[in-house]
Amino acid sequence: MSQALLDLLDLLDLEQIEENIFRGQSRSAVVPRVFGGQVAAQALVAAGRTVPADRHAHSLHAYFLRPGDPGAPIVYNVDRLRDGRSFTTRRVVAVQHGKAIFGLSASFQTYEEGLDHQAPMPPAPDPVTLPTSQERLRGYRHLDPRVVEKFIEAREAIDLRHVEEPPYGEFGAPREPRSQVWFRTNGKLEGAVDIPLLHVVLATYVSDMTLLDSILIAHGRGGWAVGDVVGASLDHAMWFHRPFRADDWLLYDQESPSAHGGRGLGQARIYTQDGRLAISVVQEGVVRVPREN
């Protein structure tokens, strides 16, 4: 297991300070605020810590309310909404400086047999044939080297590989609003940390990294790395359909059906390498073109 992954697992390991109250630390992201995937993942950890181990997360719905301060801890307050015979529901509010910055509702279910079908996995190249994120980023001479290093540092716990050029790699002309990324943790999860909740939490963490890229691609924008848009996540929803491992390759197949009114929508499916549909994801974000002076 890489040191970067160990550091990420430490970041996601919340301190319990009271019943239903947890505290997490933060770290700087590519932009000067807490990375949204971190807050969502920590909130899901807080919810999961109050749920029996035989109930697994099957959905989450969240709103990003305020930018997080990376220099301050985040307190997560868990509300135990329901404990039914099959389903458990939790609501989590993340607080910094006395104000809510993020809200999440998550539902957990005991395993049961049922009807089974899925959308087929789209074609994608073998991930090991693709350049790593670090290799791609260090090859872009048009990017500020400081931005490149921030991207690399933010993603070093995750082996993330774009199938085609990311928006900051090729921009200026619109492309089809689709994007594919393979990802897995940079190391295997073993021992006490190898639990189903952590695999779901890590997928939640990664899910906020690239989902709005297809919006940028549709308009030939390079995004935050080149400064031709400004934006932030607004809301985020995930449905966990089938078991998966975050330390095995997962295909993140993303597209944007709409952008309008300063907002853009990204939607995606995440497949295991053997073709099982593991997760569905939808996110809306603010995506604005900077005003010229």
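This is a predicted model: local features need pLDDT of at least 70, side-chain atom pairs count only at pLDDT 80 or more; totals for chains, interfaces and linings use all residues.

Visitor: Is Leu 65 buried, partly exposed or exposed?

Guide: Leu 65 lies in the loop between β3 (55-64) and β4 (74-83). Its relative accessible area is 49%.

Visitor: Which residues does Leu 65 touch, not counting residues up to four places away in sequence?

Guide: The C-alpha atoms of Leu 65 and Phe 102 are separated by 5.1 Å, although the two are 37 residues apart along the chain. With residues up to four places away in sequence not counted, Leu 65 touches Ala 100, Ile 101, Phe 102 and Gly 103.

Visitor: What radius of gyration does the protein chain have?

Guide: The secondary structure comes to six helices and 12 strands, and the C-alpha atoms fill a box of roughly 55 × 45 × 40 Å along the principal axes. For 293 residues, a compact globule would have a radius of gyration near 19 Å. The value for the protein chain agrees with that: 18 Å.

Visitor: Among contacts between residues at least 6 apart in sequence, what percentage join residues at least 24 apart?

Guide: A contact here means heavy atoms within 4.5 Å. Of the 293 residues, 49% count as buried. Among contacts between residues at least 6 apart in sequence, the part joining residues at least 24 apart is 73%.

Visitor: How many degrees of arc do the buried residues of helix α1 cover?

Guide: The buried residues of α1 (residues 3-12) are Ala 4, Leu 5, Leu 8, Leu 9, Leu 11 and Leu 12. They are on the same side of α1, because the arc they cover around the axis is only 155 degrees.

Visitor: Which exposed residues are carried by the face of α1 turned away from its buried side?

Guide: An α-helix has 3.6 residues a turn, so residues three or four places apart point the same way. What covers the buried residues of α1 includes α2 (36-48), β7 (158-162), β8 (178-185) and α5 (196-210). The face turned away from that buried side carries the exposed residues Gln 3 and Asp 10.

Visitor: Is Asp 159 buried or exposed?

Guide: Asp 159 is found in strand β7. Leaving aside neighbours within four places in sequence, its contacts include Thr 132, Trp 182, Arg 184 and Trp 249. At 13% relative accessibility, Asp 159 counts as buried.

Visitor: What is phi of Asn 20 near?

Guide: Most residues other than glycine have a negative phi. Asn 20 is found in the loop between β1 (15-18) and β2 (21-24) and, at 18% relative accessibility, counts as buried. Beyond its neighbours within four places in sequence, Asn 20 is in contact with Thr 50, Tyr 76, Asn 77, Val 78 and Arg 80. Its phi is positive, near 70 degrees.

Visitor: Is His 97 buried or exposed?

Guide: His 97 is found in the loop between β5 (87-96) and β6 (99-110). Phi of His 97 is positive, near 50 degrees. With a relative accessible area of 62%, His 97 is exposed.

Note on methods. Residues are numbered from 1 along each chain as its sequence is written. Side-chain values use heavy atoms; hydrogens and water are left out. Helices (H or I, at least four residues) and strands (E, at least two) are DSSP runs, numbered from the N terminus. The radius of gyration is taken over C-alpha atoms; the globule rule is 2.2 Å times the number of residues to the power 0.38. Buried means under 20% relative accessible area, exposed over 50%, partly exposed in between (1.4 Å probe, protein chains only). The arc is that of the directions from the helix axis to the C-beta atoms.
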